[in-house]
Amino acid sequence: MMNGAQYVHSLKMLKPRIFYRGVRLDSPYDHPALAPHVRTAAATYDLAAGGLHDEVMTATSNLDGAKISRFTHLFWSVEDLIRKIAMLRFIGRETGTCFQRCVGLDAINALWSVTYDIDKAKGTGYHPRFREFLARLQREDLMSAGAMTDAKGDRSLAPWQQADPDLYVRIVERRPDGVVIRGAKTHITGAANSHEIFVMPTLGLPPEGADYAVACAVPIDAPGLSLVFGRQSNDERKEEAGTVDCGTEWGVVGGESTLIFENVFVPNERVFMDGEGEFAGSLVDRFSAWHRANYGGCKGGNADVLLGATALLAEIHGTIKNSIVRDKLTEIVHLVETNFAGAIGSSALGKQLPAGNWLVDPLLANTVKQNVTRFVYQVGRLTHDIAGGLLSTLPSDADFRSSEVGGLLEKYFAGKQGFSTEDKRKLCRYIEGMTSVSTLVEALHGAGSPQAQRIVMLRQADLPEKTRQARKVIGLGKETK
Ligand code: SF4
């Protein structure tokens, strides 16, 4: 396994085309826009390699019996599913933000299971091919990103009906030694600082959409692949390194990119689905279920830090003993633990797939994510309520350091004795960042927008069975039609 420094070094050996604010970055991993996200991903390597957290951070490979990072491990049991959630809460608490690597973890599990299903049904050879690829991923401890969401164009039209057929990633050429793909994937967490990108279809596809049914692995510096790193709320603050206003060294949310594939050649050994659109829906559903359950873990860890920061700020304000403030803190605990329980529950009720790995309970997993779309906003509102208007009006770090007004600001922003104004400002900046538009929108739309979960929830809830049960219990007699 790599440690954090080795991970960063391995990234710097690559030559990806990464753009940010109109400029191609020569040294992207040192750029202030990306560096916090690189550091957070590096923390996941350090936590695994250090040997202190083996129970959650590492696992034994089913491929060769080696000790590996849990981020490259398949879920072989309910216990593995539960340990993953425990790992996410742990790292979420250590870094206080999104650490990006879960997308690749869920992608390998989805591809492992679906390549197996395709081979069984069609006699193809995707599963051994994927197994080879995964063995390398585990051996070299590579970071992978999952690229699922397409640009989508006019959403009332199917991919092949779009005015521009490239609005969903598709195969534009099939060669004896591989395929050529074109299109774009958006909002891809952690892509810029991953070694490998798993391209996956975004929806189930009928035969006429076969060219869009493509799953494959593309190296981050593949010829023809460009990444455009997205902006975040307050991102110019990242350029104020070393100041309080810059926030923590880990940044907020995951660092998302738009990936543009301009006729990227993918050799056969990296292609895991080529035209089998009838399996694309399973790939999306399984990937989404795993990833939606995750949010009960990682957001719980982030909220642990947020709750602690809010309580500390209340202490500085002198309001921590106020019963109304304590009740609001209790409400945060309630929201966070409700969601954590859902993530653990969806893992405990997991079921084994034909390929051998285990899938979380999809109903509970989607309920977790649906709750996140509300609870993260509610938690944000409660932290804003307790922290006060200071969150949006706090003067800059430069003002606090000014020889003319800095002393006055120190005097008038003082809180409870024993705390510095710098502590107070750091707490405000953390809460501000973790309840910003970028963070909230990520909670709403990451791993699928709210309606996507509701569709699965109603499907999984088995309404016909529930109406039959209601008939039986209430004594309505049997259905007549
Ligand atoms: Fe992992 Fe959570 Fe970030 Fe998704 S939002 S990549 S589950 S840390």
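Welcome to a short tour of this predicted model. We start where strand E8 meets strand E9 (residues 214-219): four bridges join the two, and they run antiparallel.

- Which way do the side chains of E8 (residues 196-199) point? Glu196 and Phe198 point one way, while Ile197 and Val199 point the other way.
- In a regular strand, side chains alternate between the two faces of the sheet.
- Glu196, Ile197, Phe198 and Val199 are all buried, which means that each has under 20% relative accessible area.

**The six-stranded sheet**

- Six strands form an open sheet in the order E2-E1-E10-E11-E7-E6, and the pairing is mixed.
- Which strands lie at the edges? They are strand E2 (23-24) and strand E6 (170-175), each of which pairs on one side only.
- Inside that order, strand E1 (residues 17-20) and strand E10 (residues 225-229) are paired over three bridges in the parallel sense.
- If you want a residue pair to look at there, Arg17 stands opposite Ser226 in E10.

- As background for the backbone angles, most residues other than glycine have a negative phi.
- Arg21 is not a glycine, yet it has a positive phi of about 50°.
- You will find Arg21 in the loop between E1 and E2.
- Is Arg21 buried or partly exposed? Its relative accessibility is 41%, so Arg21 counts as partly exposed.
- Asn234 is another residue other than glycine with a positive phi, in this case near 60°.
- The loop between E10 and strand E11 (256-267) holds Asn234.
- Asn234 has a relative accessible area of 38%, so it is partly exposed.

**Helices H1 and H2**

- Two packed helices are described by the angle between their axes and the distance between those axes.
- For helix H1 (residues 4-12) and helix H2 (residues 35-49), the packing angle is about 130° and the axes are 7 Å apart.
- H1 is therefore oblique to H2.
- The crossing of H1 past H2 is right-handed.
- On the H1 side, the contact is made by Gly4, Ala5, Tyr7, Val8 and Leu11, which meet Val38, Ala41, Ala42, Tyr45 and Asp46 in H2.
- Sorted by class, the contact of H1 with H2 has eight nonpolar residues, one polar and one charged.

**Helices H4 and H8**

- Helix H4 (residues 78-95) packs with helix H8 (residues 323-348) at an angle of about 155°, and their axes are 8 Å apart.
- H4 passes H8 in a right-handed crossing.
- The H4 residues Val78, Leu81, Ile82, Ile85 and Arg89 meet Val336, Glu337, Phe340, Ala343, Ile344, Ser347 and Ala348 in H8.
- By class, the contact of H4 with H8 has nine nonpolar residues, one polar and two charged.

Definitions and conventions
Residues numbered from 1 in each chain as written. Predicted model: local features only at pLDDT ≥ 70, side-chain atom pairs only at ≥ 80, totals over all residues. Heavy atoms only, no water. Buried < 20%, exposed > 50% of the residue type's maximum accessible area, 1.4 Å probe, protein only. Pairing = 2+ DSSP bridges. Axes fitted to C-alpha atoms, helices over the stretch in contact; angles between N-to-C directions. Parallel < 35°, antiparallel > 145°, perpendicular 65-115°, else oblique. Left-handed = near helix turned anticlockwise from the far one by under 90°. Contact = heavy atoms within 4.5 Å. Nonpolar A, V, L, I, M, F, W, Y, C, P; charged D, E, K, R; others polar.
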